[in-house]
Amino acid sequence: MNNINAPQLYLDDVVLNPEIHIIVCTGSGGVGKTTTAAAIALRAAEHGRRVCVLTIDPARRLAQALGIEELDNTPRKVEGIQGSGTLDAMMLDMKRTFDEVVEGHSDPERAQQILNNPFYQSLSSSFAGTQEYMAMEKLGQLHSQAQADGIWDLIVVDTPPSRSALDFLDAPARLGSFLDGKFIRILSAPARGAGRGIGKIAAMGFGFFTSALSKILGSQVLNDVGAFVTAIDSTFGGFRERADATYALLKDTHTSFIVIAAPEADAIREASFFVERLNSDQMPLAGLVLNRVTEVNLPEVTREQALAAAQELAAGDAASKFTASLLELHAQRVSQVERQQEIAHRFTAAHPGIRVTSVRALSQDVHDLDGLREIGDLLSSPR
Amino acid sequence: MVNWSGTALHVVSGKGGAGKTTVAAALAINLAREGKRTLLMEVEGRQGIAQLFDTPPLPYEERRIAVAPGDGEVWALAVDADEALVEYLATFYNLGRAGSALRKMGAIDFATTLAPGLRDVLLTGKACELVRRKTKRADNAYDAIVIDAPPTGRIEQFLNVTAQVSALAKTGPIHRHAEMVMGVIGSPQTAVHLVTLLEEMPVQETIDAVAQLQTANLPVGAIFINMVRDALLDEKQMAKVRKGTLGIKKLSDIAVAAGIHQDPSVLATALLQEAHDHVDRSDLEARESSRVDELGLPTISLPLISRGIDLGSLYLLADAMFDQGVR
């Protein structure tokens with residue numbers, strides 16, 4: 001897509017820059033985020049960097065290509081790297097990450113209490129936002145490890161396939177305020193809480209509410225919540241601090257965000273939201289990668305020309321008909337390119353300063369390191 | 001012919017980006033033909049239906065949003081779990097005004113967050129309540145309900161409410177409510193449809209979802225293959241491209257003679273490349289299509305609308321369904 005009106009994003013300036021220690025790949029689901037993160041990580045490694053890539057939910061074949069089909073929550077060395085660098089890859093296991101945080105912050109007995117709590121089990125495996133929170137937590141862990149033993153000089157993170165890319169930034173705070181919230185506090189000590197702070201009418205409503213909740217859910221659920229909050233009280237301060245520290249890390253000058261989109265209306269809208277948010281939070285944005293872009297081989301031949309000639313040839317012999325089909329194919333592609341450019345323009349017009357690069361649509365999904373290498377090359381060559 | 005006259009509840013899922021909302025909307029239009037009345041229901045708070053039909057955001061209230069050929073009517077409802085809980089409490093516990101007070105305090109949000117299974121059972125419960133209107137032959141009954149459901153990754157969990165709730169509440173009203181819901185969702189009154197594209201990942205997710213749904217004894221309906229492109233080259237022509245016996249030089253000479261003013265060899269290179277890309281893509285689609293066929297489920301193809309989806313294109317898609325016998 002040659003006529004995107006935006007400054008060129010040179011990814012190598014980010015990926016190969018020794019001052020950059022964290023690259024966050026973000027964007028809405030289904031735009032090739034995980035593949036892009038893996039391709040960037042491989043490229044950095046093959047240019048001599050010591051890289052760890054944290055993937056969230058890779059497609060089976062990509063996981064196979066990286067040799068991380070086993071979900072064991074630890075980085076594994078990727079074999080077949082060319083050059084002096086190294087690449088480790090891992091797939092996030094959110095439940096286990098959460099468990100490890102609990103274990104790391106409590107004595108063994110209390111940890112076991114928390115891990116066995118049914119409410120904890122539901123929270124750690126299905127709370128909307130746990131995955132985002134744990135991705136952030138894991139990033140923090142990997143970064144501390146890199147700082148401590150120097151094993152990696154670059155960490156590339158993929159973000160969870162949320163509906164909104166913003167969830168990655170917001171979920172940790174949401175989980176935090178949920179666990180710190182008034183209701184959960186009161187549930188852990190209903191008698192004390194109801195009389196204080198939340199007002200009389202609300203207290204009545206609350207009493208009604210808890211009784212309704214215990215009626216419909218069974219009082220067991222509320223007891224579980226109470227026990228959980230009591231058990232986690234002392235460890236949760238640690239959680240919070242860690243989440244805050246990781247959030248601060250994202251604002252660091254050694255971090256760089258890459259927003260990924262496809263030339264589709266929804267993906268572009270999400271990319272716009274995300275860029276605006278990064279900007280208002282003063283987070284370092286490298287630019288936008290536009291994936292799966294259709295290219296046209298001879299743009300000089302317009303759709304109208306192609307269709308006019310095709311029409312003229314349609315009544316002819318087999319060879320003429322064949323030519324007509326090829327020209328129609330060309331016309332179809334030109335239309336698709338125009339449509340994609342129009343959509344991309346919604347982004348570039350609103351964010352004229354943001355650097356952009358594009359990658360053409362590939363006919364196959366990635367199966368091996370060669371495929372990732374090819375994407376790395378495409379990512380780093382000017383659009 | 002895909003006869004769904006006995007199906008009251010259509011659940012439409014699919015990989016994100018495959019066009020679930022669009023397909024659900026077109027299905028609601030198609031099933032409303034000839035004086036019928038259907039309801040299109042949204043459960044994820046995205047206001048995707050409002051965007052698609054170009055209307056203001058939908059409230060938690062049934063609204064007529066479109067007409068269907070032959071005086072049919074399509075209604076829409078954006079179900080919100082919080083409101084559904086207030087409604088549920090009001091119905092079963094005589095809640096009165098306390099409901100809105102609780103909502104203001106964020107209590108409802110808290111309850112549905114606390115127990116994710118509760119959220120799902122409230123959403124599916126609302127759909128089942130609407131289905132039961134039909135059984136009761138109520139005046140405001142719908143001929144069919146179409147849910148724009150969560151994506152494939154979450155669909156089995158979303159529908160398998162008893163499994164979710166039994167971990168949470170082994171007895172009590174919500175447990176009974178879940179069993180009632182399961183009585184509708186697990187019955188032949190319901191069909192779960194999956195929307196896919198002819199690409200590797202969406203097809204794989206579809207296959208995985210079908211297996212999950214079948215294991216959970218949930219009734220799988222049809223596979224909607226979305227965004228199918230016209231076959232511009234026939235089999236013989238594609239074979240020539242594959243074998244390299246295209247005679248591209250001759251063809252580009254013909255094109256130049258027909259008014260494409262380009263250097264014939266430059267034109268030949270470009271057209272050849274585009275032909276190869278097209279054949280590669282078609283081959284991939286054929287492979288994925290046969291993987292979908294192996295599922296042994298009815299499949300319905302929907303054409304790619306290259307200008308982007310708007311209200312008009314929903315009727316085109318509804319017609320495509322009708323032409324393939326979806327009733």
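Across all chains of this predicted model, a search of the whole structure finds 35 salt bridges. Side chains of opposite charge can pair when their charged atoms come close. In chain A, one such salt bridge joins the side chains of A:Asp153 and A:Arg50, with an N to O distance of 3.6 Å. This pair links distant parts of the chain, since A:Asp153 lies in the loop between α7 (130-149) and β5 (154-158) of chain A, whereas A:Arg50 belongs to strand β2 (residues 50-55), 103 residues apart. A salt bridge is also formed by A:Asp93 and A:Arg96, whose closest N and O atoms are 3.7 Å apart; here A:Asp93 is buried, with a relative accessible area of 13%, while A:Arg96, at 36%, counts as partly exposed.

In chain B, B:Asp148 and B:Lys20 form a salt bridge in which the closest N and O atoms are 3.3 Å apart. The two residues, 128 residues apart, connect distant parts of the chain, namely strand β5 (residues 144-148), which holds B:Asp148, and helix α1 (residues 20-31), which holds B:Lys20. B:Asp148 counts as buried at 2% relative accessibility, and B:Lys20 is likewise buried, at 8%. Both residues take part in a network of salt bridges together with B:Glu44 and B:Arg46.

On the surface, B:Lys236, B:Lys240, B:Lys243 and B:Lys250 gather in a patch of positive charge, of which the largest share, three residues, comes from helix α11 (residues 235-243) of chain B. B:Lys250 is instead placed in helix α12 (residues 248-257) and counts as exposed because its relative accessibility is 52%, over the 50% cut-off.

Conventions:
Residues are numbered from 1 along each chain as its sequence is written. Chains are lettered from A and ligands numbered from 1 in the order in which they are written. This is a predicted model: local features need pLDDT of at least 70, side-chain atom pairs count only at pLDDT 80 or more; totals for chains, interfaces and linings use all residues. Side-chain values use heavy atoms; hydrogens and water are left out. Patches are made of residues with over 30% relative accessible area and no salt bridge: like charges are joined within 9 Å, nonpolar side chains (Val, Leu, Ile, Met, Phe, Trp, Tyr) within 5 Å. Accessible areas come from the Shrake-Rupley method with a 1.4 Å probe; for residues, only the protein chains shown count as cover. A salt bridge is a side-chain nitrogen of Lys or Arg within 4 Å of a carboxyl oxygen of Asp or Glu. Lys and Arg count as positive and Asp and Glu as negative; His and the chain ends are not counted. The place of a charge is taken as NZ of Lys, CZ of Arg, CG of Asp or CD of Glu. Helices (H or I, at least four residues) and strands (E, at least two) are DSSP runs, numbered from the N terminus. Buried means under 20% relative accessible area, exposed over 50%, partly exposed in between (1.4 Å probe, protein chains only).
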